[in-house]
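These entries record what I looked up in one structure. I took helix packing, then a sheet, then a pocket.

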Amino acid sequence: MKKAKIIIDKDFILSAIDPRVYGSFIEHLGRAVYEGIYQPESPFADEQGFRKDTMALVKELQVPIVRYPGGNFVSGFCWEDSVGPKEKRPARVDLAWQVVESNQFGLNEFCDWSKKAGSDVMMAVNLGTRGVAEALNLLEYCNFKGGTKFSDMRREHGYEQPHNIRTWCLGNEMDGPWQTGHKTASEYARIATETARAMRSMDPDLELVACGSSSSHMPTFGTWETTVLEEGYDAINYISMHQYYGNREDDSASFLANNVDLDEFITNVAAQCDYVKGKLHRKKNINISLDEWNVWYHSNEQDKKLEKWVQKPHQLEDVYNFEDALLVGSMLITILRHADRVKMACMAQLVNVIAPIMTSDTGAWRQTIFYPYLHASTFGKGTVLNTLVQSPLYETKKYGEVPSLDCVAVDHEEHGELVVFAVNKDLQEDTEITLDLRQYAGYGVKEHITMCHENLKAVNTEENPGEVTPRADGVSKVEGGVLTAVLKSKSWNVIRLAKPDSCGQ
Ligand code: AHR
């Protein structure tokens, strides 16, 4: 058995966790909205047409914030088409996904849905085909109390009270040539800064996210960020990052190491923010909104065959396997290990489209990646401790030697709980970890949840939704103030340690 050592100290705090790092994303894309969260004709629909089975799973995930309505979709979106009486809403061409959007579900329905789900809204404005004026009109519609054209329009539509949306994305992936209205860094810096300033004049305390890079591999990465930050530093709060990974070469060792790239990406973006902060002699920090992240590749080939200009096609319907769940667990650990800079993160997406939740006409089920996300959002609360991991290494084609163990410790002092999240990526051997509990005197193991499977390609389906599920069967103990735990080869682990009076609860 391999051995690893974890070192933490109660006072060695990295950062409080912003709960919004467990956010998600609903785009008008494929069956995310239609048949995902909204299907009035379904036996599962509530009085507003929202699917109750999906809603129950979203609530289980405790999603604090949901980004909407895109994604690439937003860069052609006319929000006015999505409000008012449904029978008067026009169907529109969606260039981003080459489909037809019916607009039968829109802005107000999404705000209602989010409220029911217990989530805040992260709204994106269209800076692809539109600009400052339309963003301002949308803000007036959503947040202004009344007595003006667009706020009164909202009231006529049955929403007397403003939606009071606090977090706004200034466009989407504007660095990507695939984006409708794609811009150069300086073109985007200009329009994003103008839009941010104008939006702030109406509502000064908004949280504004400027587009960063669509992945760490974009040719403009680095100069894009510094150009946008130099122009917009005072007007924005966050810069975004997007990152997806795939396993196209069927090289599991390299695939599982992809969070090494995410780690570097976050470190670099934080450095770019700080470079501009120094250059401009500013006091405030710009933080990171990792507002799209996940595994995405399974559906790429089948999507090439889809018919165009239809409504709600089965698009981006990745069926996630066990190794995807392991990488998602590792990506969550990486996000937490950067909790001092990553303040928002959205797993992309939430339902049916590269999602933890899938639906059919007969029900909803949890994909493999549902579980690490669930555990992180449920137990990953409080503060992240600087977690020193002395891990064995393994060789990968893509990244050379990398640690086989990812780990982070979270102190949820309010609940008297210390939670250790860990992924053992070793494809052959178990790893025994030890952790000196130092100031956590008296803490014992309350629960050690594991998710393991012999077959890295195992999936959950509607017929067999329980193929890959977590169990509270981990082997761990505290003796002499030291935690010893066996992390199975290929496993996701959540070790919950608690004060004696709360163990066994
Ligand atoms: O999440 C799917 C797509 O990925 C989004 O629309 C886009 O922003 C990104 O390229």
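**Entry 1: helix pairs.** I began with α10 and α11, whose crossing is right-handed. I call a crossing left-handed if the near helix is turned anticlockwise from the far one by less than a right angle, and right-handed if clockwise. Helices (H or I, at least four residues) and strands (E, at least two) are DSSP runs, numbered from the N terminus. The model is predicted: local features need pLDDT of at least 70, side-chain atom pairs count only at pLDDT 80 or more, and totals for chains, interfaces and linings use all residues. Residues are numbered from 1 along each chain as its sequence is written, and side-chain values use heavy atoms, with hydrogens and water left out.

I then looked up the geometry: the axes of α10 (residues 322-337) and α11 (residues 370-379) come within 8 Å and cross at roughly 25 degrees. α10 is therefore roughly parallel to α11 (angles under 35 degrees count as roughly parallel, over 145 as roughly antiparallel, 65 to 115 as roughly perpendicular and the rest as oblique). Axes are lines fitted to C-alpha atoms, for helices over the stretch in contact, and angles run from 0 to 180 degrees between N-to-C directions.

For α3 (residues 132-143) and α5 (residues 185-202), I found axes that come within 9 Å and cross at roughly 30 degrees. That makes α3 roughly parallel to α5. The crossing of α3 and α5 is right-handed.

**Entry 2: the sheet.** I traced an open sheet of five strands with mixed pairing, in the order β16-β1-β21-β24-β23. Its edge strands, β16 (388-390) and β23 (475-479), each pair on one side only. Two strands pair if DSSP finds at least two bridges between them. Neighbouring strands of this sheet are turned by 20 degrees against each other on average, direction ignored.

I followed β23 to β24 (residues 482-487): the two pair in the antiparallel sense over five bridges. Val482 in β24 is the bridge partner of Glu479.

**Entry 3: the largest pocket.** I noted about 570 Å³ of space in the largest pocket. A pocket is an open set of points on a 1 Å grid over the protein atoms alone, where a 1.4 Å probe fits, with protein on both sides within 12 Å along at least five of seven lines; lining residues have an atom within 4 Å of a point. The lining has 29 residues, of which Gln243, Tyr244, Tyr245, Arg248 and Trp296 lie nearest the centre. β10 (238-245) and α7 (252-256) each supply at least two lining residues, and β10 gives the largest share, three residues.

Definitions and conventions
Grid points are joined across faces, edges and corners, and a volume is the space filled by probe spheres set on the points.
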